[in-house]
Amino acid sequence: MARTEIRFAGFGGQGLLLAGIMLGTAATILDCKNAAQTQSYGTEARGGASQCNVVIDDEPITYVGVVNPDIFVCMSQEAYDKLIADVQEKGLVFYDSDLVKIKELPKTRQIPIPATKTAIDSVGRKIVANMVILGSVIESTRILDADLMKKCIQDNVPKGTEEINLKAFDKGRELYREITGKA
Amino acid sequence: MLKQECSINKYFVQGDEAIAEGAIAAGCRYFAGYPITPASEISETIARRFPEVGGVAIQMEDELASIHSVGGASVAGMKAMTVSSGPGISLKLEGLGWGIKNELPYVVVDVQRAGPSNGVATRVGQGDLYTVKYGSAGGNNSIIAISPMNVQEAFDLTIECFNLSEIFRTPVFLLTDETVGHTRELLVIPDARELKIVPRRKPTVPPSEFLMYPLNTPGTIDYPYPNIGEGYGICVSPYTHTAKGYATTSEKDHDKMATHLVRKVTDHLDRLTRVQEEMLDDAEYGIIAYGCEARPAMEAMKKARAEGIKVGFLRPIIIWPFPDEPIYRMACKVKKILVPELNRDGQLSREVQRAAKGQAEVYHLGSGGVETHQPVHVYDELMRIIKGK
């Protein structure tokens, strides 16, 4: 695959950093690709603006930063308003439709994923909204194999939370198929 | 179907974690630190891992206590390390002079963030190049500093820091930055048998014949350092010492000590010159960068090369002592050199200018920090200086 830049953005505490780390870990440890993950956050532990950037490439990665993401995963209005302009014209945007109101962008595909609501409804924990939206991203883009991602989640999330994380991930894949009508 | 796992001993981790693992692999078993962003992940990893390898990790009351206790551990025969970032390094410098003067092998990690002062605590900067070299009061120093640009190097070069600290009997800096420290990439930890680890060298002569400091043969390296408790007289203090370690106020003795401290680095530049050179053979223009800035710089070089512009690249890996000779050689080949760096005062570019001795025009591309330069920033500036605008 060619260099692919993915940006996750929202609030601290939504688990976007973990989603990015899972993606990078699966790409490098399980799929033998190259990946780099960077992040930016404020001094607050929770609630401040949080951003996690991942680059995946078959070739070695020289520059690790994400400037114009191919894929933008957005879970707050503030992040959307601030960062939507950076997305590649033909990029893909996944947004939590209960948290973000989008603007019209004729050339950019913007996919509504009610990740937080789905997390609460399906496993009763909004903390796994990150896995819901990651499931949708993987189902849509196939940047990595879904089974690989699941193995990575199984191996790396805190012990005792594997089941709800995996369930949320699968729910996100399902959700994408429902929303886009791809059974 | 799952592909086979790419390998064992592979980890997708931060540069900071790689530094902690590098220290453990090098034999570091004493750690003292005080929490500071963006170096705290090193302390956290050490605190988690040291119980597994029999190390002692202490969160001290402050930065000063951290570095002094690391000095004490070194005298007691331990490989030891402390870590911080700019606002903490400025405090540690007091203890550093003690380490330099008493020729203590230990490692100090500086994960640079955007300064001055507390600056932007969670974001990158490159403002400590001179701090680590000249921060310790009184001059006459023998600092060595090494700078990694990625996670694998963070591991490999931390080991190198420990090795050089043993060979040269001096504190060695790992001068890294928030971007390298916080970026996650693949880390491969080789089998311990494949790693070159320099152990503490012990005296082979009886205590009565042993001189604590090789001041009669200035510039001597690979010199033993006995532990406290092995029967050798260990004299360490903040005062100028004689070869036996006793305090002295004589001008002659003081000059002997100062000469040795400086010459043990300057007499061995062959062992302390390490740079990465790319596409310099036919280069007409050059870029020099270190640490996190090396990566956008190399990307800019690739873009220029793709357009047929002959650009080469040089990166100091061991940054102190400064690689004057390779930079002079580069300056003799190219017309102009661009130096991107994350400070506005032009620290690296000033050193490059000095080393180039007027053989090439040197241009500073500064930024206060917070973000690294993007490849396009470096490329655009390069085009601007090439066109002479």
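**Chatting through chains A and B**

Modeller: Let's start with chain B: the C-alpha centres of its domain 1 and domain 2 lie 26 Å apart. Keep in mind that this is a predicted model.

Colleague: Thanks! Where do those two domains of chain B run?

Modeller: The domain assignment puts domain 1 of chain B at 10-194 and domain 2 at 276-387.

Colleague: And how many residues does each domain bring to the contact?

Modeller: Domain 1 of chain B brings 22 residues and domain 2 of chain B brings 21 residues.

Colleague: Which elements of domain 1 give two or more residues to that side?

Modeller: In chain B they are strand E6 (120-124), helix H5 (129-134), strand E7 (144-146), strand E8 (171-177) and helix H7 (178-182). H5(B) gives the most to the side touching domain 2, with four residues. By class, that side of domain 1 of chain B has 13 nonpolar, six polar and three charged residues.

Colleague: New topic: strand E12 of chain B. Is it enclosed or open, and why?

Modeller: Strand E12 (residues 311-316) of chain B is largely enclosed by the rest of the structure, because six of its six residues are buried.

Colleague: Which residues sit on each side of E12(B)?

Modeller: Val311(B), Phe313(B) and Arg315(B) are on one side, while Gly312(B), Leu314(B) and Pro316(B) are on the other. Both faces are covered, as these residues are all buried. In a regular strand the side chains alternate between the two faces of the sheet.

Colleague: What unit do E11(B), helix H9 of chain B and E12(B) make?

Modeller: They make a right-handed β-α-β unit, with helix H9 covering residues 294-306 of chain B.

Colleague: Last one: how many residues are in contact between chain A and chain B?

Modeller: On chain A there are 23 residues in contact with 20 residues of chain B. Helix H1 (16-30), strand E2 (34-41) and helix H5 (146-156) of chain A are the elements that give two or more residues to the chain A side.

Colleague: Which gives the most?

Modeller: H1(A) does, with six residues. By class, the chain A side has ten nonpolar, ten polar and three charged residues.

Note on methods. Residues numbered from 1 in each chain as written. Chains lettered and ligands numbered in written order. Predicted model: local features only at pLDDT ≥ 70, side-chain atom pairs only at ≥ 80, totals over all residues. Contact = placed C-beta atoms within 7 Å. Nonpolar A, V, L, I, M, F, W, Y, C, P; charged D, E, K, R; others polar. Buried ≥ 20, exposed ≤ 12 C-beta atoms within 10 Å, placed from the backbone. Right-handed = clockwise from strand over helix to strand, strands pointing away. Domains from an automatic or database assignment.
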